[in-house]
Amino acid sequence: MFEKIQSELAEYFGIDASTITRDTDFKADLKADSLALVELMFNLESETGITLDDDVMDKVKTVGDLCDYIESK
């Protein structure tokens, strides 16, 4: 799951995937705004077939948090 999220973020933000770790903070490190987070959520839902809670991006702060959340579903 991490690699999928890492790849999605690297493509979206136009950065090298190797710079994204499980500790990467969406807001502090990636400067992701709410629109970017919603788009990420929709992309992950369509790719994984997992429905994410509407407030999931309020609950997770790092890439690792999101991985753990999705893997628990």
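Reader: In which helix is the place of E47?

Author: Happy to start there, and please keep in mind that this is a predicted model. The helix in question covers residues 34-48. E47 therefore has its place in helix 2.

Reader: Is E47 buried, exposed or partly exposed?

Author: Buried would call for under 20% relative accessible area, and exposed for over 50%. E47 comes out at 40%, so this residue counts as partly exposed.

Reader: Which residue forms a salt bridge with E47?

Author: Let's begin with contacts: not counting residues up to four places away in sequence, E47 touches K4 and E8. In the salt bridge, the closest N and O atoms are 3.9 Å apart, and the cut-off is 4 Å. The partner of E47 is K4.

Reader: How many residues apart in sequence are the parts that K4 and E47 tie together?

Author: K4 and E47 form a salt bridge. K4 lies in helix 1 and E47 in helix 2, so the parts tied together are apart in sequence by 43 residues.

Reader: Where is D68, which meets R22 in a salt bridge?

Author: Good one to look up in the structure! The side chains of R22 and D68 meet at 2.7 Å, N to O. This pair links distant parts of the chain, 46 residues apart, with R22 in the loop between helix 1 and helix 2 and D68 in helix 4.

Reader: Is Q6 buried or exposed?

Author: Q6 lies in helix 1 and, leaving aside its neighbours within four places in sequence, is in contact with A17, S18 and I20. Its relative accessibility is 14%, and the cut-off is under 20%, so Q6 counts as buried.

Key
Residues numbered from 1 in each chain as written. Predicted model: local features only at pLDDT ≥ 70, side-chain atom pairs only at ≥ 80, totals over all residues. Heavy atoms only, no water. Helix = DSSP H or I, 4+ residues; strand = E, 2+ residues; numbered from the N terminus. Buried < 20%, exposed > 50% of the residue type's maximum accessible area, 1.4 Å probe, protein only. Contact = heavy atoms within 4.5 Å.
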